[in-house]
Structures are given as C-alpha cells and as structure tokens.
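Here is a friendly walk through the structure, written as numbered points. Keep the 3D view open and find each element as you read.

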Amino acid sequence: MDKNGHPFPPRFLDLKREIAASFPDFKERATQAWKEVIEELVKFSEKVSEVGTNYIPQVEYAELDELSPDELEMIKRRGCVVIRDIVDDERAIAWRETLREIVKVNPGIEGVPENDKQFFQLYWTKPQVQARADPKLLKATVWLNHLYHDKSQQKSDNVDLSIPLTYADRFRIRKVDSKWGFHPPHIDGGTIERWEDPAFRKCFETILSGDWGAHDPYNLQGRLDARSSLYGRPNQSTVFRTFQGWLSMSETGPTQGTLKVFPDVLLSNAYIILRPFFKPVAPAESSDILDPKNWEIDLETTEFPGIWARDGGWAGPHPTPTSHPHLFLEKTMISVPQVSPGDAVFWHCDVIHSVEEEHTGTEDSAVMYIPAVPFTEQNADYVQRQKDCFLKAERPPDFPKGPAEAGFVGVATVNDVDNDLGRRAMGLPIAVA
Ligand SMILES: [Fe+2]
C-alpha cells in the first residue's frame, strides 16, 4: 500500500510481472544488478558527503563551449550544474523587484503558504516572459539539450536540440526564516509512468536487463515518445524537459532555502527503477536492511515504494530513508553552491531533488523556474497550446486551473518577447523585417 494506506491496484503487480517476463533471466540478472548498485551507492555516499557542495559542477556561461570532454562527462554523470553569469546581476535584480511589486499591487493572487505567500500561481508577468525570452538563457538551454544524443544515430525531423522552446512555470520569493516542508526529495516528470509507459520504460531498459552500468540517461531514444503524464494530473509536466532549472534573482547559498540534489543520475536511476522489484526481509529499523543479502525479488506484491495516489493519478517517486535506504539521503542530498543574481541551476529530469526546509540567510531567496526544453513533436504541440494561454493570460495547460492573470498589473504582452529566438521558443511568429 502507499504511504497514505491506500492499496496499489492489482494491475501494478501485473506490470511488474510483465516487465520481468520481458527481460531474459530477470530474476538472476536484476538481483545481481541490485547488489552491485547498492555497493556503488555505499561508496558514493561516503565520497559525496566528504566533498559536500563542491561536488556540484559550476561553470561560467561564457566558457560553455570551451569545456573539456572530462568536464562534460562530470556534468553529465552528476546530472546537475550551476551556470554563472547568464544574465546581468542588475537585470535579474530588477526582475525580482518588479515581481515583488506585482505581487503587492494585484489583490487575490494565489500562492503558498496561504497566510504568507512566497510561491505564486503566476506565469505571465513581464519579468517571467522576458527571462524566458532572454537569448543567453535560451542559448544555455540549447547547450544543455546537446548533452543528450540519439544513440540510434537516426536523423529525425521531429527533434532538433538546437531549437529551444519555453515551458512557462512560476517563481518564488522565499523569505528569511521561512520553513518549507513541501519539497522533500522527489523526481518530477513522470511517476508510475516510468515503468508503466512502454516508451518511457525504454529509457531504463538497460537497468531492467541487469546491465545497469550501460544505462545512458542522455539517450534520446524513449524520451521523445515517453508519456510522462498518463493521468493528466495537474502540476505533472507533459513535456520533455532535458533539464529542469531555475534562474536566481538573489544571493543564495547553502542553508538559505536553496535546492538540494542527489548528484549521480546513473546510480539514482538504477536504484529507483529496480526498487519495486525487491523487498526487504530484515526489519526496516535494523541496520541489517542495508545488506543486499537481506533483500529478495518481489514479483508477488503490488508495491511501488515512493509512489502514491494523488488527484486521480500518481505522485512520486518520493524516496525516503525508509522506502529507499540505500540512497542514504541524509548524506547524499547536497545543497547547490552559493549563487548570485543572474546565475542559474539546472538538474537532469531524472535527478532526485528537494528544497532546504530552512532559510537561515539574511535576504529573500528568489528564483524563476525555467527549464531546458528542446524542439520535439510533443513539446512543440504543447508550446502551441501554451501560447494560446499566453495570449489570453490564462494558466498554461499542465498547471492547476485557476483565475487568469488577464487584467493584472504587470502582465506581459507579445511585445515583451523582443527577439526571434524568444519568439520561436514561445511558438510566436517570427517578425519579418
Ligand atoms: Fe521538483
């Protein structure tokens, strides 16, 4: 049953059995992979907790095209990167102050926490639209998109990593001393779909075949057709974001309410994907649970630990120290380094991430959520529908229904998308000179 005590549907067991039956010698090979992945996780957890925040790669925007193959490999394996100085500090700070003003002058804006709003249901303010259309930010996302590749080497008209698209999301201005409990470790962009949708599952087939070390989180195959939202649950993205990200509008460092990540996307994917196929035979509270010998194959239950029913669909994976003990989350969730206004943080769409519960800094921590979205058929289709929402200042298709922003002070128009790269990314016609 899930964390709320609801039993999983019987088809979840059918799904596990169907997957197991589709890979030769599943039981033996998956058991061997499970043991190896756990051994690697033990080593990784010791290494990463010693290094801490510096484990997260940091690069300058101006140097993106000069990075060595080793540096690129490191960024890919860690699945996250801080890109500095994409936008001028003054511009980013001006956006923050405009957002502050917009929140103040428009009554009735929805947000959380209810009694002291810091995360807002706003998508189309001028700073957000201008930031999404910023050519340097869009170029940074193209660079991120190109960390992916098509291993099949088949050229396709349906995908172009060099064309950036936008995904309208929200922003936060988090106050000093605020406590946030609503972003514990989790993965976005697909819950049970990672196993249930055959195309999405393809992304993880080397793990399921037992050859987990050959898993390539950057292989486009599978990603393009993956359906990350089979149940249309609000807040569940239907687009393929190569990396999720936020642009900082403030000086924010570790302990100041910033992002934390599990910085090894290969290991976390291998463990997360194999986890439903194993169950412990030692008590959860005993240290014996860490020994792979105390786990056995589970093709008898409906359990998908870390997934739970929500709003007519599913939420998660939300790994916890109890459900996923070998991730050693207390040691391995690393805060991203200090960022300044105009720096951005990006994390691969499979990366486990969370937000620090406490903010002990001296200034508000403000970010706009802006991911990297390549041109694909599914993404382009979404961008068209998103554009229609923009023109009416309505909430974008993937998000909770609610009042439109039309009529609010500070809402953007198409004129705020002031360059061709931005217009194309928004699905707007390119101006003819
Ligand atoms: Fe998230």
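**Notes on a predicted model**

1. The buried residues of helix α4 pack against α5 (126-132), β6 (171-174), β7 and β16. Please keep in mind throughout that this is a predicted model. The buried residues of α4 themselves are Ala92, Trp95, Arg96, Leu99 and Ile102. Seen down the axis of α4, these residues fall within an arc of 125°, so they line one face of the helix. The face turned away from that buried side carries the exposed residues Glu90, Glu97, Lys104 and Val105.

2. As background, strands of a sheet pair through backbone hydrogen bonds, either parallel or antiparallel.

3. Which way do β1 and β2 run relative to each other, parallel or antiparallel? The pairing of β1 with β2 (residues 80-84) is parallel, over three bridges. Within this pair, glutamine 58 stands opposite valine 82 of β2, and glutamate 60 stands opposite arginine 84 of β2.

4. β2 pairs with β14 in the antiparallel sense, over four bridges. One place to look is valine 81, whose bridge partner in β14 is phenylalanine 346.

5. Strand β7 (residues 243-248) deserves a careful look. Six of its six residues are buried. Phe243, Gly245 and Leu247 point one way from the strand, while Gln244, Trp246 and Ser248 point the other way. With β14 (residues 344-348), β7 pairs in the antiparallel sense over five bridges, and leucine 247 stands opposite alanine 344 there. With β16 (residues 365-369), β7 also runs antiparallel, joined by three bridges; tryptophan 246 has tyrosine 369 as its bridge partner in β16.

6. What does leucine 247 touch, leaving aside its neighbours within four places in sequence? Its contacts are Val87, Ala92, Ala131, Leu137, Ala344, Val367, Met368 and Ile370. Ala92 belongs to the buried residues of α4. The largest nonpolar core has 106 residues, and Leu247 is among the six that touch the most other members, together with Val37, Val261, Ala270, Leu274 and Phe346. In general, nonpolar side chains tend to be buried together in soluble globular proteins.

7. Helix α12 (residues 377-392) has 16 residues, which at 1.5 Å each should span 22 Å; its end C-alpha atoms are 24 Å apart, which agrees. The buried residues of α12 are Asn379, Tyr382, Val383, Gln386 and Phe390. They cover an arc of only 105° around the axis, which puts them on the same side of α12. Gln384, Leu391 and Lys392 are exposed on the other side. The buried residues pack against β5 (159-165) and β17 (373-376). Just after the helix, alanine 393 takes a positive phi of about 55°.

8. Finally, visit a loop. Threonine 302 lies between β10 (295-297) and β11 (308-310). Threonine 302 and proline 9 are 293 residues apart along the chain, and their C-alpha atoms are separated by 6.9 Å. Not counting residues up to four places away in sequence, threonine 302 touches Pro7, Phe8, Pro9, Pro10, Phe12 and Leu13.

Conventions
Residues numbered from 1 in each chain as written. Predicted model: local features only at pLDDT ≥ 70, side-chain atom pairs only at ≥ 80, totals over all residues. Buried ≥ 20, exposed ≤ 12 C-beta atoms within 10 Å, placed from the backbone. Helix = DSSP H or I, 4+ residues; strand = E, 2+ residues; numbered from the N terminus. Pairing = 2+ DSSP bridges. Core = buried A, V, L, I, M, F, W, Y, C linked by C-beta atoms within 7 Å. Contact = placed C-beta atoms within 7 Å. Expected span 1.5 Å × (residues − 1). Arc of directions from axis to C-beta.
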